[in-house]
Amino acid sequence: QASQEELKAAYRRLCMLYHPDKHRDPELKTQAERLFNLVHQAYEVLSDPQTRAIYDIYGRRGLEMEGWEVVERKRTAAEIREEFERLQREREERRLQQRTNPKGTISVGIDATDLFDRYDEEYEDVPGSSFPQIEINKMHISQSIEAPLTSTDTAILSGNLSTQNGNGGGSINLALRRVTSAKGWGELEFGAGDLQGPLFGLKIFRNLTPRCFITTNCALQFSSRGVRPGLTTVLARNLDKNTMGYLQWRWGIQSAMNTSIVRDTKTSHFTVAMQLGIPHSFMMVSYQHKFQDEDQTRVKGSLKAGFFGTIVEYGAERKISRHSVLGATVSVGVPQGVSLKIKLNRASQTYFFPVHLTDQLLPSAVFYATVGPLVIYFAMHRLVIKPYLRAQKERELEKQRESTASDILQKKQEAEAAVRLMQESVRRIIEAEEARMGLIVVNAWYGKFVNDNSRKNEKVKVIDVTVPLQCLVKDSKLILTEASKAGLPGFYDPCVGEEKSLKVLYQFRGVLHQVMAADNEALRIPKQ
(Lines give C-alpha, C1' and ligand atoms only; values in the text may rest on other atoms or scores of the structure.)
Protein backbone atom coordinates (compact mmCIF):
# COMPACT_ATOMS: atom_id res chain seq x y z
CA GLN A 1 0.00 0.00 0.00
CA ALA A 2 3.04 2.31 0.03
CA SER A 3 2.79 5.44 -2.15
CA GLN A 4 5.45 6.41 -4.72
CA GLU A 5 6.60 9.24 -2.41
CA GLU A 6 7.10 6.79 0.48
CA LEU A 7 9.05 4.44 -1.81
CA LYS A 8 11.30 7.27 -3.01
CA ALA A 9 11.99 8.45 0.55
CA ALA A 10 12.89 4.90 1.69
CA TYR A 11 15.05 4.39 -1.43
CA ARG A 12 16.99 7.61 -0.85
CA ARG A 13 17.57 6.80 2.83
CA LEU A 14 18.89 3.29 2.09
CA CYS A 15 21.03 4.55 -0.81
CA MET A 16 22.70 7.03 1.53
CA LEU A 17 23.24 4.23 4.05
CA TYR A 18 24.62 1.60 1.63
CA HIS A 19 26.36 3.72 -1.04
CA PRO A 20 29.76 2.07 -1.71
CA ASP A 21 31.54 5.45 -2.02
CA LYS A 22 30.78 6.20 1.65
CA HIS A 23 32.92 3.32 2.88
CA ARG A 24 36.74 3.18 2.57
CA ASP A 25 37.28 -0.26 4.11
CA PRO A 26 37.49 -2.79 1.20
CA GLU A 27 35.40 -5.41 3.03
CA LEU A 28 32.70 -2.88 3.98
CA LYS A 29 32.76 -1.51 0.41
CA THR A 30 32.08 -5.00 -1.01
CA GLN A 31 29.19 -5.59 1.43
CA ALA A 32 27.80 -2.13 0.68
CA GLU A 33 27.84 -2.82 -3.08
CA ARG A 34 25.85 -6.04 -2.63
CA LEU A 35 23.20 -4.39 -0.40
CA PHE A 36 23.10 -1.27 -2.61
CA ASN A 37 22.37 -3.47 -5.66
CA LEU A 38 19.57 -5.27 -3.78
CA VAL A 39 17.99 -1.94 -2.83
CA HIS A 40 18.31 -0.70 -6.43
CA GLN A 41 16.67 -3.89 -7.80
CA ALA A 42 13.80 -3.55 -5.33
CA TYR A 43 13.23 0.08 -6.29
CA GLU A 44 13.29 -0.76 -10.00
CA VAL A 45 10.53 -3.33 -9.47
CA LEU A 46 8.37 -1.26 -7.13
CA SER A 47 8.65 2.06 -9.01
CA ASP A 48 7.20 0.52 -12.19
CA PRO A 49 3.37 -0.03 -11.90
CA GLN A 50 3.45 -3.16 -14.12
CA THR A 51 6.31 -4.98 -12.41
CA ARG A 52 5.00 -3.91 -9.00
CA ALA A 53 1.59 -5.43 -9.79
CA ILE A 54 3.28 -8.66 -10.95
CA TYR A 55 5.42 -8.77 -7.80
CA ASP A 56 2.47 -8.00 -5.47
CA ILE A 57 0.49 -10.88 -6.97
CA TYR A 58 3.08 -13.53 -7.92
CA GLY A 59 6.14 -12.56 -5.84
CA ARG A 60 9.71 -12.96 -7.09
CA ARG A 61 8.77 -16.04 -9.13
CA GLY A 62 6.45 -13.86 -11.20
CA LEU A 63 9.33 -11.54 -12.13
CA GLU A 64 11.42 -14.53 -13.25
CA MET A 65 8.67 -15.95 -15.49
CA GLU A 66 9.33 -15.71 -19.24
CA GLY A 67 6.74 -14.05 -21.44
CA TRP A 68 5.81 -11.07 -19.26
CA GLU A 69 7.77 -8.74 -21.58
CA VAL A 70 5.75 -9.84 -24.61
CA VAL A 71 2.35 -10.67 -23.16
CA GLU A 72 1.81 -8.60 -20.04
CA ARG A 73 3.83 -5.46 -20.70
CA LYS A 74 0.95 -3.85 -22.61
CA ARG A 75 -1.42 -4.38 -19.70
CA THR A 76 -2.04 -1.93 -16.93
CA ALA A 77 -1.64 -2.86 -13.25
CA ALA A 78 -5.45 -3.06 -12.94
CA GLU A 79 -5.63 -5.51 -15.89
CA ILE A 80 -2.88 -7.69 -14.40
CA ARG A 81 -4.78 -7.84 -11.09
CA GLU A 82 -8.01 -8.61 -12.95
CA GLU A 83 -6.29 -11.48 -14.80
CA PHE A 84 -4.96 -12.84 -11.49
CA GLU A 85 -8.43 -12.66 -9.88
CA ARG A 86 -9.91 -14.52 -12.88
CA LEU A 87 -7.32 -17.31 -12.51
CA GLN A 88 -8.01 -17.39 -8.78
CA ARG A 89 -11.76 -17.81 -9.41
CA GLU A 90 -11.04 -20.71 -11.77
CA ARG A 91 -8.84 -22.37 -9.14
CA GLU A 92 -11.60 -21.90 -6.55
CA GLU A 93 -14.15 -23.51 -8.87
CA ARG A 94 -11.84 -26.50 -9.48
CA ARG A 95 -11.28 -26.80 -5.73
CA LEU A 96 -15.05 -26.64 -5.22
CA GLN A 97 -15.57 -29.51 -7.66
CA GLN A 98 -13.05 -31.64 -5.77
CA ARG A 99 -14.42 -30.90 -2.30
CA THR A 100 -16.74 -33.55 -0.83
CA ASN A 101 -16.96 -32.17 2.74
CA PRO A 102 -17.36 -35.60 4.42
CA LYS A 103 -19.11 -35.70 7.79
CA GLY A 104 -19.59 -38.72 9.99
CA THR A 105 -20.76 -39.91 13.38
CA ILE A 106 -19.99 -43.16 15.17
CA SER A 107 -21.91 -43.81 18.39
CA VAL A 108 -21.27 -46.84 20.61
CA GLY A 109 -23.64 -47.34 23.55
CA ILE A 110 -22.14 -49.21 26.53
CA ASP A 111 -24.14 -50.86 29.29
CA ALA A 112 -22.08 -50.79 32.50
CA THR A 113 -24.94 -51.08 35.01
CA ASP A 114 -23.43 -54.32 36.28
CA LEU A 115 -20.77 -52.19 38.00
CA PHE A 116 -23.27 -50.61 40.41
CA ASP A 117 -26.61 -52.47 40.16
CA ARG A 118 -25.39 -56.04 40.90
CA TYR A 119 -27.42 -58.31 43.14
CA ASP A 120 -25.10 -60.92 44.66
CA GLU A 121 -27.79 -63.53 45.16
CA GLU A 122 -28.37 -63.74 41.41
CA TYR A 123 -24.69 -64.41 40.71
CA GLU A 124 -23.90 -67.00 43.41
CA ASP A 125 -23.95 -70.01 41.08
CA VAL A 126 -22.84 -68.32 37.83
CA PRO A 127 -19.25 -69.11 36.73
CA GLY A 128 -17.12 -65.96 36.47
CA SER A 129 -19.74 -63.93 38.34
CA SER A 130 -17.05 -62.18 40.36
CA PHE A 131 -16.36 -59.95 37.33
CA PRO A 132 -18.98 -57.34 36.34
CA GLN A 133 -20.27 -57.68 32.78
CA ILE A 134 -19.84 -54.62 30.53
CA GLU A 135 -21.37 -54.94 27.07
CA ILE A 136 -22.15 -52.90 23.98
CA ASN A 137 -25.92 -52.74 23.62
CA LYS A 138 -26.36 -50.28 20.73
CA MET A 139 -24.44 -48.76 17.83
CA HIS A 140 -25.09 -46.05 15.29
CA ILE A 141 -23.01 -45.07 12.27
CA SER A 142 -23.85 -42.23 9.88
CA GLN A 143 -21.89 -40.65 7.04
CA SER A 144 -22.54 -37.94 4.48
CA ILE A 145 -20.65 -36.42 1.56
CA GLU A 146 -21.33 -33.38 -0.59
CA ALA A 147 -20.71 -33.20 -4.33
CA PRO A 148 -20.90 -29.66 -5.79
CA LEU A 149 -22.44 -29.92 -9.26
CA THR A 150 -22.27 -26.21 -10.13
CA SER A 151 -21.65 -23.02 -8.17
CA THR A 152 -25.32 -23.08 -7.05
CA ASP A 153 -26.21 -26.81 -7.05
CA THR A 154 -25.01 -29.44 -4.59
CA ALA A 155 -25.81 -33.14 -4.22
CA ILE A 156 -25.66 -34.63 -0.71
CA LEU A 157 -25.46 -38.38 -0.19
CA SER A 158 -25.94 -39.72 3.33
CA GLY A 159 -26.55 -43.04 5.01
CA ASN A 160 -26.88 -44.54 8.47
CA LEU A 161 -26.93 -47.89 10.22
CA SER A 162 -28.31 -48.51 13.72
CA THR A 163 -28.55 -51.56 15.95
CA GLN A 164 -29.85 -52.06 19.50
CA ASN A 165 -29.89 -55.32 21.45
CA GLY A 166 -29.38 -57.36 18.28
CA ASN A 167 -32.03 -55.64 16.16
CA GLY A 168 -31.34 -52.86 13.68
CA GLY A 169 -31.59 -51.37 10.25
CA GLY A 170 -30.38 -48.60 8.03
CA SER A 171 -31.32 -46.05 5.40
CA ILE A 172 -29.78 -44.08 2.54
CA ASN A 173 -30.73 -40.55 1.47
CA LEU A 174 -29.99 -38.35 -1.53
CA ALA A 175 -30.62 -34.60 -1.37
CA LEU A 176 -30.29 -32.02 -4.15
CA ARG A 177 -29.82 -28.46 -2.95
CA ARG A 178 -30.02 -25.32 -5.09
CA VAL A 179 -29.14 -21.81 -3.96
CA THR A 180 -31.83 -19.74 -5.60
CA SER A 181 -30.58 -16.30 -4.50
CA ALA A 182 -28.59 -14.53 -1.80
CA LYS A 183 -31.73 -14.79 0.34
CA GLY A 184 -32.53 -18.49 0.17
CA TRP A 185 -32.17 -22.04 -1.05
CA GLY A 186 -34.30 -25.14 -1.62
CA GLU A 187 -33.60 -28.85 -1.17
CA LEU A 188 -35.28 -32.01 -2.48
CA GLU A 189 -34.70 -35.24 -0.52
CA PHE A 190 -35.23 -38.90 -1.48
CA GLY A 191 -34.63 -41.76 0.92
CA ALA A 192 -35.21 -45.46 1.51
CA GLY A 193 -34.46 -48.01 4.23
CA ASP A 194 -35.05 -51.59 5.28
CA LEU A 195 -37.27 -50.64 8.25
CA GLN A 196 -39.00 -47.67 6.65
CA GLY A 197 -40.38 -47.29 3.15
CA PRO A 198 -39.48 -44.56 0.64
CA LEU A 199 -39.19 -40.96 1.86
CA PHE A 200 -39.80 -37.79 -0.14
CA GLY A 201 -39.02 -34.41 1.37
CA LEU A 202 -38.79 -30.73 0.52
CA LYS A 203 -36.86 -28.16 2.53
CA ILE A 204 -36.91 -24.39 1.96
CA PHE A 205 -34.80 -21.69 3.61
CA ARG A 206 -35.56 -17.98 3.17
CA ASN A 207 -34.27 -14.75 4.69
CA LEU A 208 -37.38 -12.64 5.32
CA THR A 209 -35.42 -9.62 6.57
CA PRO A 210 -31.72 -9.04 7.39
CA ARG A 211 -32.54 -10.13 10.99
CA CYS A 212 -35.16 -12.84 10.40
CA PHE A 213 -35.31 -16.14 8.48
CA ILE A 214 -37.69 -19.09 8.10
CA THR A 215 -37.07 -22.78 7.36
CA THR A 216 -39.84 -25.17 6.27
CA ASN A 217 -39.41 -28.92 5.92
CA CYS A 218 -42.24 -31.17 4.68
CA ALA A 219 -41.89 -34.92 4.20
CA LEU A 220 -43.92 -37.97 3.11
CA GLN A 221 -42.90 -41.28 4.70
CA PHE A 222 -44.31 -44.40 3.02
CA SER A 223 -44.65 -47.61 5.04
CA SER A 224 -46.80 -50.72 5.39
CA ARG A 225 -49.13 -48.69 7.62
CA GLY A 226 -49.71 -46.13 4.87
CA VAL A 227 -48.43 -42.64 4.17
CA ARG A 228 -47.30 -40.56 7.14
CA PRO A 229 -46.94 -36.85 6.34
CA GLY A 230 -44.84 -34.49 8.45
CA LEU A 231 -44.25 -30.75 8.52
CA THR A 232 -41.70 -28.70 10.48
CA THR A 233 -41.42 -24.91 10.38
CA VAL A 234 -38.80 -22.83 12.20
CA LEU A 235 -38.97 -19.04 12.45
CA ALA A 236 -35.81 -17.37 13.78
CA ARG A 237 -34.95 -13.76 14.57
CA ASN A 238 -31.89 -11.86 15.77
CA LEU A 239 -32.98 -10.22 19.02
CA ASP A 240 -29.63 -8.44 19.37
CA LYS A 241 -26.01 -8.83 18.27
CA ASN A 242 -25.48 -12.07 20.26
CA THR A 243 -29.03 -13.38 20.82
CA MET A 244 -31.30 -15.47 18.59
CA GLY A 245 -34.93 -16.36 19.19
CA TYR A 246 -36.48 -19.51 17.63
CA LEU A 247 -40.11 -20.61 17.27
CA GLN A 248 -40.69 -24.14 15.96
CA TRP A 249 -43.92 -25.91 15.02
CA ARG A 250 -43.86 -29.63 14.23
CA TRP A 251 -46.87 -31.56 12.91
CA GLY A 252 -46.93 -35.30 12.29
CA ILE A 253 -45.98 -38.35 14.36
CA GLN A 254 -44.67 -36.29 17.31
CA SER A 255 -46.48 -32.96 17.05
CA ALA A 256 -45.05 -30.17 19.19
CA MET A 257 -44.46 -26.45 19.54
CA ASN A 258 -41.06 -25.30 20.76
CA THR A 259 -39.65 -21.87 21.55
CA SER A 260 -36.07 -21.12 22.55
CA ILE A 261 -33.72 -18.20 23.12
CA VAL A 262 -29.99 -18.69 22.51
CA ARG A 263 -27.38 -16.14 23.58
CA ASP A 264 -23.85 -16.77 22.35
CA THR A 265 -20.97 -14.45 23.30
CA LYS A 266 -17.20 -14.72 23.33
CA THR A 267 -17.18 -16.06 26.90
CA SER A 268 -20.55 -17.82 27.31
CA HIS A 269 -23.41 -19.70 25.64
CA PHE A 270 -26.87 -19.61 27.25
CA THR A 271 -30.03 -21.41 26.11
CA VAL A 272 -33.57 -21.48 27.53
CA ALA A 273 -36.24 -23.57 25.78
CA MET A 274 -39.82 -24.74 26.32
CA GLN A 275 -41.76 -27.38 24.39
CA LEU A 276 -45.43 -28.38 24.44
CA GLY A 277 -46.11 -31.55 22.55
CA ILE A 278 -47.13 -35.19 22.26
CA PRO A 279 -45.65 -37.25 23.89
CA HIS A 280 -42.97 -34.91 25.33
CA SER A 281 -43.38 -31.52 26.98
CA PHE A 282 -40.46 -29.99 28.86
CA MET A 283 -38.51 -26.93 29.95
CA MET A 284 -34.74 -26.70 29.58
CA VAL A 285 -32.03 -24.27 30.72
CA SER A 286 -28.35 -24.66 29.81
CA TYR A 287 -25.23 -22.56 30.30
CA GLN A 288 -21.73 -22.94 28.93
CA HIS A 289 -18.69 -20.90 29.98
CA LYS A 290 -15.86 -20.46 27.46
CA PHE A 291 -12.42 -19.93 28.92
CA GLN A 292 -10.12 -17.75 26.83
CA ASP A 293 -7.17 -20.12 27.02
CA GLU A 294 -5.07 -21.84 24.38
CA ASP A 295 -6.97 -25.14 24.73
CA GLN A 296 -10.42 -23.49 24.34
CA THR A 297 -11.73 -25.11 27.54
CA ARG A 298 -15.51 -25.04 28.04
CA VAL A 299 -17.53 -25.97 31.13
CA LYS A 300 -21.28 -26.55 30.79
CA GLY A 301 -24.35 -27.46 32.78
CA SER A 302 -28.06 -27.94 32.02
CA LEU A 303 -31.37 -28.74 33.68
CA LYS A 304 -34.25 -30.36 31.79
CA ALA A 305 -37.64 -31.18 33.35
CA GLY A 306 -40.77 -32.56 31.70
CA PHE A 307 -43.33 -35.35 31.56
CA PHE A 308 -40.50 -37.88 31.11
CA GLY A 309 -38.77 -36.85 34.35
CA THR A 310 -35.88 -34.57 35.29
CA ILE A 311 -32.29 -34.62 34.00
CA VAL A 312 -29.29 -32.66 35.27
CA GLU A 313 -26.18 -32.64 33.08
CA TYR A 314 -22.74 -31.13 33.64
CA GLY A 315 -19.46 -31.55 31.81
CA ALA A 316 -16.48 -30.00 30.05
CA GLU A 317 -14.68 -30.11 26.73
CA ARG A 318 -11.17 -29.17 25.69
CA LYS A 319 -9.03 -29.00 22.58
CA ILE A 320 -6.35 -31.73 22.73
CA SER A 321 -4.73 -31.15 19.33
CA ARG A 322 -5.07 -28.88 16.31
CA HIS A 323 -8.12 -30.74 14.94
CA SER A 324 -9.41 -32.70 17.96
CA VAL A 325 -11.76 -31.74 20.80
CA LEU A 326 -12.46 -34.13 23.71
CA GLY A 327 -15.51 -33.73 25.95
CA ALA A 328 -17.24 -35.59 28.79
CA THR A 329 -20.71 -35.06 30.24
CA VAL A 330 -22.32 -36.64 33.33
CA SER A 331 -26.09 -37.10 33.12
CA VAL A 332 -28.10 -37.65 36.34
CA GLY A 333 -31.85 -38.10 36.03
CA VAL A 334 -35.07 -39.62 37.28
CA PRO A 335 -35.97 -42.26 36.14
CA GLN A 336 -33.02 -42.47 33.71
CA GLY A 337 -30.31 -43.02 36.34
CA VAL A 338 -26.66 -42.03 35.86
CA SER A 339 -24.76 -41.98 32.56
CA LEU A 340 -21.36 -40.80 31.36
CA LYS A 341 -21.14 -39.48 27.79
CA ILE A 342 -17.70 -39.19 26.16
CA LYS A 343 -17.38 -37.35 22.85
CA LEU A 344 -14.39 -36.88 20.53
CA ASN A 345 -14.58 -34.50 17.57
CA ARG A 346 -11.82 -35.06 15.02
CA ALA A 347 -12.13 -32.58 12.12
CA SER A 348 -15.62 -33.35 10.70
CA GLN A 349 -15.90 -36.80 12.35
CA THR A 350 -17.63 -37.34 15.70
CA TYR A 351 -17.12 -40.35 17.98
CA PHE A 352 -19.69 -40.67 20.77
CA PHE A 353 -19.61 -43.17 23.67
CA PRO A 354 -22.62 -43.03 26.04
CA VAL A 355 -21.94 -45.27 29.06
CA HIS A 356 -25.01 -46.15 31.15
CA LEU A 357 -23.79 -46.73 34.74
CA THR A 358 -26.93 -47.30 36.80
CA ASP A 359 -30.72 -47.05 36.69
CA GLN A 360 -30.76 -45.63 40.21
CA LEU A 361 -29.52 -42.38 41.76
CA LEU A 362 -26.39 -43.71 43.45
CA PRO A 363 -23.88 -41.18 44.87
CA SER A 364 -21.03 -43.61 44.17
CA ALA A 365 -21.93 -43.72 40.45
CA VAL A 366 -22.08 -39.91 40.27
CA PHE A 367 -18.72 -39.64 42.05
CA TYR A 368 -16.90 -42.12 39.79
CA ALA A 369 -18.52 -40.66 36.63
CA THR A 370 -17.20 -37.22 37.64
CA VAL A 371 -13.77 -37.99 39.08
CA GLY A 372 -12.82 -40.97 36.86
CA PRO A 373 -12.67 -39.09 33.51
CA LEU A 374 -10.81 -36.16 35.13
CA VAL A 375 -8.09 -38.40 36.59
CA ILE A 376 -7.72 -40.34 33.32
CA TYR A 377 -7.63 -37.13 31.23
CA PHE A 378 -4.98 -35.37 33.33
CA ALA A 379 -2.85 -38.52 33.45
CA MET A 380 -3.14 -39.02 29.67
CA HIS A 381 -2.55 -35.32 29.00
CA ARG A 382 0.60 -35.23 31.10
CA LEU A 383 2.07 -38.60 30.10
CA VAL A 384 0.92 -39.00 26.48
CA ILE A 385 -0.73 -35.99 24.80
CA LYS A 386 1.62 -33.20 25.95
CA PRO A 387 4.87 -35.07 25.13
CA TYR A 388 3.43 -36.13 21.75
CA LEU A 389 2.39 -32.57 20.82
CA ARG A 390 5.73 -31.19 21.99
CA ALA A 391 7.64 -33.77 19.92
CA GLN A 392 5.40 -33.10 16.90
CA LYS A 393 6.00 -29.34 17.18
CA GLU A 394 9.74 -29.89 17.47
CA ARG A 395 9.71 -32.11 14.36
CA GLU A 396 7.80 -29.48 12.38
CA LEU A 397 10.14 -26.71 13.55
CA GLU A 398 13.21 -28.81 12.74
CA LYS A 399 11.84 -29.53 9.27
CA GLN A 400 11.13 -25.83 8.74
CA ARG A 401 14.63 -24.87 9.97
CA GLU A 402 16.27 -27.37 7.61
CA SER A 403 14.29 -26.13 4.60
CA THR A 404 15.13 -22.47 5.33
CA ALA A 405 18.67 -22.91 6.72
CA SER A 406 20.54 -21.61 3.65
CA ASP A 407 18.12 -18.71 3.20
CA ILE A 408 18.37 -17.73 6.89
CA LEU A 409 22.18 -17.91 6.76
CA GLN A 410 22.19 -15.54 3.80
CA LYS A 411 19.76 -13.19 5.59
CA LYS A 412 21.95 -13.30 8.71
CA GLN A 413 25.06 -12.36 6.71
CA GLU A 414 23.19 -9.52 5.01
CA ALA A 415 21.87 -8.27 8.38
CA GLU A 416 25.32 -8.34 9.97
CA ALA A 417 26.78 -6.52 6.96
CA ALA A 418 23.97 -3.93 7.13
CA VAL A 419 24.65 -3.33 10.86
CA ARG A 420 28.35 -2.68 10.15
CA LEU A 421 27.42 -0.23 7.39
CA MET A 422 24.96 1.57 9.66
CA GLN A 423 27.49 2.44 12.39
CA GLU A 424 28.50 5.86 11.01
CA SER A 425 24.90 6.90 10.26
CA VAL A 426 23.76 5.75 13.71
CA ARG A 427 26.52 7.78 15.38
CA ARG A 428 25.29 10.95 13.61
CA ILE A 429 21.62 10.15 14.46
CA ILE A 430 22.49 9.69 18.16
CA GLU A 431 24.41 12.99 18.23
CA ALA A 432 21.44 14.81 16.68
CA GLU A 433 18.96 13.17 19.08
CA GLU A 434 21.12 13.90 22.14
CA ALA A 435 21.32 17.57 21.12
CA ARG A 436 17.52 17.88 21.10
CA MET A 437 16.86 15.46 24.06
CA GLY A 438 15.12 13.20 21.59
CA LEU A 439 14.75 9.44 21.08
CA ILE A 440 17.76 7.25 21.81
CA VAL A 441 17.50 3.44 21.65
CA VAL A 442 19.54 2.18 24.63
CA ASN A 443 18.98 -1.53 23.98
CA ALA A 444 16.74 -3.56 21.66
CA TRP A 445 16.29 -7.31 21.23
CA TYR A 446 14.26 -9.32 18.72
CA GLY A 447 13.29 -13.00 18.90
CA LYS A 448 11.81 -15.49 21.35
CA PHE A 449 11.47 -14.36 24.97
CA VAL A 450 10.53 -16.68 27.85
CA ASN A 451 8.73 -14.80 30.64
CA ASP A 452 6.33 -17.53 31.77
CA ASN A 453 7.54 -19.80 34.61
CA SER A 454 5.83 -22.78 32.96
CA ARG A 455 8.21 -22.35 29.98
CA LYS A 456 11.40 -21.69 31.96
CA ASN A 457 13.05 -24.81 30.51
CA GLU A 458 12.74 -23.35 26.99
CA LYS A 459 15.71 -21.52 25.48
CA VAL A 460 15.68 -17.77 24.85
CA LYS A 461 16.62 -16.98 21.21
CA VAL A 462 17.13 -13.25 20.59
CA ILE A 463 19.40 -10.99 18.56
CA ASP A 464 20.60 -7.48 19.39
CA VAL A 465 18.88 -4.95 17.07
CA THR A 466 19.85 -1.73 18.87
CA VAL A 467 21.78 -0.31 15.88
CA PRO A 468 19.15 -1.13 13.16
CA LEU A 469 16.35 0.39 15.27
CA GLN A 470 18.29 3.57 16.03
CA CYS A 471 18.96 3.86 12.30
CA LEU A 472 15.18 3.97 11.67
CA VAL A 473 14.67 6.90 14.07
CA LYS A 474 13.67 10.09 12.26
CA ASP A 475 12.72 13.40 13.94
CA SER A 476 12.68 11.71 17.38
CA LYS A 477 10.12 9.11 16.19
CA LEU A 478 10.30 5.39 15.43
CA ILE A 479 7.39 4.03 13.39
CA LEU A 480 7.07 0.33 12.44
CA THR A 481 4.11 -0.95 10.39
CA GLU A 482 2.07 -4.16 10.78
CA ALA A 483 4.50 -6.64 9.26
CA SER A 484 7.08 -9.14 10.45
CA LYS A 485 10.07 -7.27 11.80
CA ALA A 486 12.41 -9.95 10.39
CA GLY A 487 12.26 -8.05 7.08
CA LEU A 488 13.63 -4.78 8.48
CA PRO A 489 17.18 -3.71 7.50
CA GLY A 490 19.68 -5.25 9.93
CA PHE A 491 17.16 -7.84 11.19
CA TYR A 492 16.81 -11.58 10.47
CA ASP A 493 14.74 -14.45 11.93
CA PRO A 494 16.64 -16.00 14.91
CA CYS A 495 14.01 -18.68 15.59
CA VAL A 496 12.13 -19.87 12.50
CA GLY A 497 8.53 -20.92 13.13
CA GLU A 498 8.44 -19.71 16.74
CA GLU A 499 6.62 -16.77 18.31
CA LYS A 500 8.75 -13.62 18.27
CA SER A 501 8.65 -10.20 19.94
CA LEU A 502 10.58 -6.94 19.90
CA LYS A 503 11.74 -5.51 23.23
CA VAL A 504 13.02 -1.92 23.27
CA LEU A 505 14.62 0.08 26.08
CA TYR A 506 14.75 3.72 24.98
CA GLN A 507 15.40 7.18 26.36
CA PHE A 508 13.16 10.15 25.53
CA ARG A 509 13.46 13.60 27.08
CA GLY A 510 16.09 12.14 29.42
CA VAL A 511 13.67 9.51 30.84
CA LEU A 512 14.05 5.73 30.35
CA HIS A 513 11.09 3.74 28.95
CA GLN A 514 10.56 0.11 27.94
CA VAL A 515 8.11 -1.35 25.42
CA MET A 516 7.45 -4.83 24.05
CA ALA A 517 5.64 -5.53 20.77
CA ALA A 518 4.59 -8.74 19.01
CA ASP A 519 6.28 -9.61 15.71
CA ASN A 520 3.46 -8.39 13.42
CA GLU A 521 2.27 -5.62 15.73
CA ALA A 522 2.61 -1.97 14.65
CA LEU A 523 4.84 0.11 16.92
CA ARG A 524 5.12 3.86 17.34
CA ILE A 525 7.48 5.35 19.93
CA PRO A 526 7.70 7.46 21.95
CA LYS A 527 4.31 6.37 23.26
CA GLN A 528 2.00 8.96 24.80
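Which strand does Thr358 lie in? Select Thr358 and you land in strand E17 (residues 349–358); strands here are DSSP runs of at least two residues (E), helices runs of at least four (H or I), both numbered from the N terminus.

Before moving on, a word on the model: it is predicted, with local features needing pLDDT of at least 70 and side-chain atom pairs pLDDT 80 or more, while totals for chains, interfaces and linings use all residues. Residues are numbered from 1 along each chain as its sequence is written, and side-chain values use heavy atoms, leaving out hydrogens and water.

**Stop 1: Thr358.** Thr358 is buried, at 0% relative accessible area (buried is under 20%, exposed over 50%, partly exposed in between, with a 1.4 Å probe and protein chains only). Show its neighbours: Thr358 touches residues including Thr113, Phe116, Asp117 and Ala365, not counting those up to four places away in sequence (contact means heavy atoms within 4.5 Å).

**Stop 2: helix H1.** Now select residues 4–18, the 15 residues of H1. Colour Leu7, Tyr11, Leu14, Cys15, Leu17 and Tyr18, which are buried. Look down the axis of H1: these buried residues fall within an arc of 160 degrees, so they line one face of the helix (the arc is that of the directions from the helix axis to the C-beta atoms). On the other side of H1, Glu5, Arg12 and Met16 are exposed.

**Stop 3: helix H2.** Finish on residues 26–47, helix H2. Its buried residues include Leu35, Phe36 and Tyr43.

Conventions
Expected span 1.5 Å × (residues − 1).
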